[in-house]
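This briefing is written for a reader who has the sequence and the model at hand. Please consult both while reading the points below.

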Amino acid sequence: MSLFKSLGRRKLEEIAAEMHTINYRPGSYICEQGAVGHNLHVMLNGSCRVTKTGLAEDGSVEEKTIGLIHGDGYFGEIALIDTRIATRTANVVAIGNVTTMTLRRSKFDEIAGLVRPRIMKDAAIRVIKQVPILQKRSLQLPRIPTPR
């Protein structure tokens with residue numbers, strides 16, 4: 001699990017003992033935008049769509065896909081790491097059969113400082129992927145030569 005790769009073996013064993021495996025069927029909403037978040041989810045298998053629900057130009061409600069999660073991805077961290085929000089910022093919907101391991105907020109709070117740098121880096125990458133102008137700019141950034 002890439003989120004926890006900087007942690008030592010003892011801490012990993014402690015976290016693993018606290019995690020629970022949950023299976024989801026295709027189309028299941030694992031996280032719902034606006035709901036209070038209580039768990040971090042780490043993908044074991046399957047893929048999920050990340051969607052946002054909002055108003056379309058015509059005033060109707062629409063759900064837009066803003067990303068995909070697969071492999072050893074994780075989600076649900078925003079509601080846990082930012083106590084000002086505490087609710088889910090997006091929907092996470094199982095594409096096929098999905099298995100996640102979950103970690104309760106109380107245990108996550110114990111390790112948040114250890115995994116925060118990884119979470120912040122991953123969040124920045126997700127933002128860049130979602131905003132077309134940032135994608136173009138990140139490709140055009142000049143390379144800074146390394147001192148010899």
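The model is predicted: local features need pLDDT of at least 70, side-chain atom pairs count only at pLDDT 80 or more, and totals for chains, interfaces and linings use all residues. Residues are numbered from 1 along each chain as its sequence is written, and side-chain values use heavy atoms, with hydrogens and water left out.

**Sheet**

- An open sheet holds 4 strands in the order E2-E7-E4-E5, with antiparallel pairing; strands (E, at least two residues) and helices (H or I, at least four) are DSSP runs numbered from the N terminus, and two strands pair if DSSP finds at least two bridges between them.
- Strands E2 (29–31) and E5 (61–70) each have a single partner strand and stand at the edges, so one side of each is left without a neighbour in the sheet.
- On average, neighbouring strands of this sheet are turned by 35° against each other, direction ignored; the axes are lines fitted to C-alpha atoms, for helices over the stretch in contact, and angles run from 0 to 180 degrees between N-to-C directions.
- Strand E4 (residues 47–55) runs antiparallel to strand E7 (residues 91–94), and 4 bridges join them.
- Val50 has Val92 in E7 as its bridge partner.

**Cysteines**

- The whole structure contains 0 disulfides, a disulfide being a pair of cysteine sulfur atoms within 2.5 Å.
- Cys31 is in no disulfide, and the nearest cysteine sulfur, that of Cys48, is 8.7 Å away, which is too far for a bond.
- Cys31 is buried at 3% relative accessibility, and Cys48 is buried at 0%; buried means under 20% relative accessible area, exposed over 50%, and partly exposed in between (1.4 Å probe, protein chains only).

- His41 lies in strand E3 (residues 39–45) and is buried, with a relative accessibility of 4%.
- The side chains of His41 and Thr100 make a polar contact (3.3 Å); such a contact is a pair of N or O atoms within 3.5 Å, where within protein one must be able to donate a hydrogen and the other to accept it, and residues adjacent in sequence count only if both atoms are side-chain atoms.
- Leaving aside neighbours within four places in sequence, His41 is in contact (heavy atoms within 4.5 Å) with residues including Tyr24, Cys31, Phe75, Arg88 and Thr100.
- Ser60 is placed in the loop between E4 and E5 and is partly exposed at 34% relative accessibility.
- The side chain of Ser60 makes a polar contact with that of Asp58 (2.6 Å).

**Salt bridges**

- The count comes to 6 salt bridges, each a side-chain nitrogen of Lys or Arg within 4 Å of a carboxyl oxygen of Asp or Glu.
- Arg9 forms a salt bridge with Glu13, with the closest N and O atoms 3.0 Å apart; the two are 4 residues apart in helix H1 (residues 9–18), and are therefore separated by about one helical turn.
- Arg9 is exposed at 67% relative accessibility, whereas Glu13 is partly exposed at 44%.
- Arg104 forms a salt bridge with Glu18, with the closest N and O atoms 2.9 Å apart.
- Arg104 lies in strand E8 (residues 98–104) and Glu18 in helix H1, so this pair ties together parts that are 86 residues apart in sequence.
- Glu62 and Lys64 also form a salt bridge, the closest N and O atoms being 3.8 Å apart.
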